[in-house]
Amino acid sequence: MITPGVFDMRMWQGATWHYEILWEDGDPATPVDLTDYEARMMVRATALDDTVALELDSLIGGAGGITLGGAAGTLELDATATETALVAPGWYVYDLELEDSTGVVTRLLEGKFAVIAEVTRDV
């Protein structure tokens with residue numbers, strides 16, 4: 001079991017959004033092979049809120065938006081400009097979980113999630 005990293009993210013409403021994360025472990029640090037993993041991330045106003053402001057996953061037929069880099073240990077988080085435009089500006093919370101092929105779930109990251117309001121937009 002690992003302690004989740006705490007990392008605050010920002011997303012700009014109405015703009016294409018991209019984060020790349022590298023999961024490393026050990027000494028010396030080496031990438032964790034994510035070949036047999038699935039990933040999911042949800043953004044909500046509070047942890048107990050039922051409404052999901054943004055959902056990303058790596059599942060086939062799922063929400064999409066997360067690409068796992070296999071042996072490279074990378075996770076790419078992506079949302080289109082259309083998707084980010086639908087998220088109201090403000091402060092949220094998120095977590096990012098990984099599940100291996102045996103069903104073990106690891107919370108990799110958690111933190112605050114800021115959505116910065118778009119100024120240039122259709123009226």
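**Exercise 1.** Which side chain meets that of arginine 40 in a salt bridge of 3.2 Å, N to O?

Solution. Step 1: apply the criterion, in which a salt bridge is a side-chain nitrogen of Lys or Arg within 4 Å of a carboxyl oxygen of Asp or Glu. Step 2: read off the partner of arginine 40, which is glutamate 99, with 3.2 Å from N to O. Helices (H or I, at least four residues) and strands (E, at least two) are DSSP runs, numbered from the N terminus.

Before going on, note the conventions. This is a predicted model, in which local features need pLDDT of at least 70 and side-chain atom pairs count only at pLDDT 80 or more, while totals for chains, interfaces and linings use all residues. Residues are numbered from 1 along each chain as its sequence is written, and side-chain values use heavy atoms, with hydrogens and water left out.

**Exercise 2.** Describe the order of elements and the overall dimensions of the chain.

Solution. Step 1: the chain has one helix and eleven strands. Step 2: starting at the N terminus, the order is β-β-β-β-β-β-β-β-β-α-β-β. Step 3: along the principal axes, the C-alpha atoms fill a box of roughly 50 × 30 × 25 Å. Step 4: compare the radius of gyration with the globule rule. The radius is taken over C-alpha atoms, and the rule is 2.2 Å times the number of residues to the power 0.38. For 123 residues a compact globule would have a radius near 14 Å, and the 15 Å of the chain agrees with this.

**Exercise 3.** How many salt bridges does the structure hold, and which residues form one network?

Solution. Step 1: the structure holds four salt bridges. Step 2: one of them pairs arginine 40 with glutamate 97, whose closest N and O atoms are 3.1 Å apart. Arginine 40 lies in strand 6 (residues 38-44) and glutamate 97 in strand 10 (residues 90-99), so the pair ties together parts 57 residues apart in sequence. Step 3: aspartate 95 forms a salt bridge with arginine 107, with the closest N and O atoms 3.3 Å apart. That pair links distant parts of the chain, with aspartate 95 in strand 10 and arginine 107 in strand 11 (residues 105-116), twelve residues apart. Step 4: salt bridges with shared partners join Arg40, Glu97 and Glu99 into one network.

**Exercise 4.** Classify glutamate 97, arginine 40, glutamate 99 and arginine 107 as buried, partly exposed or exposed.

Solution. Step 1: glutamate 97 is buried, at 18% relative accessibility. Step 2: arginine 40 is partly exposed at 31%, glutamate 99 is partly exposed at 23%, and arginine 107 is partly exposed at 36%. Step 3: list the contacts of glutamate 97. Leaving aside residues up to four places away in sequence, glutamate 97 touches Glu38, Ala39, Arg40, Val105, Thr106 and Arg107.

**Exercise 5.** Where is the cis peptide bond?

Solution. Step 1: the cis bond joins aspartate 27 and proline 28, with omega about 10°. Step 2: proline 28 sits in the loop between strand 4 (24-25) and strand 5 (30-31).

How values were computed. Buried means under 20% relative accessible area, exposed over 50%, partly exposed in between (1.4 Å probe, protein chains only). Contact means heavy atoms within 4.5 Å.
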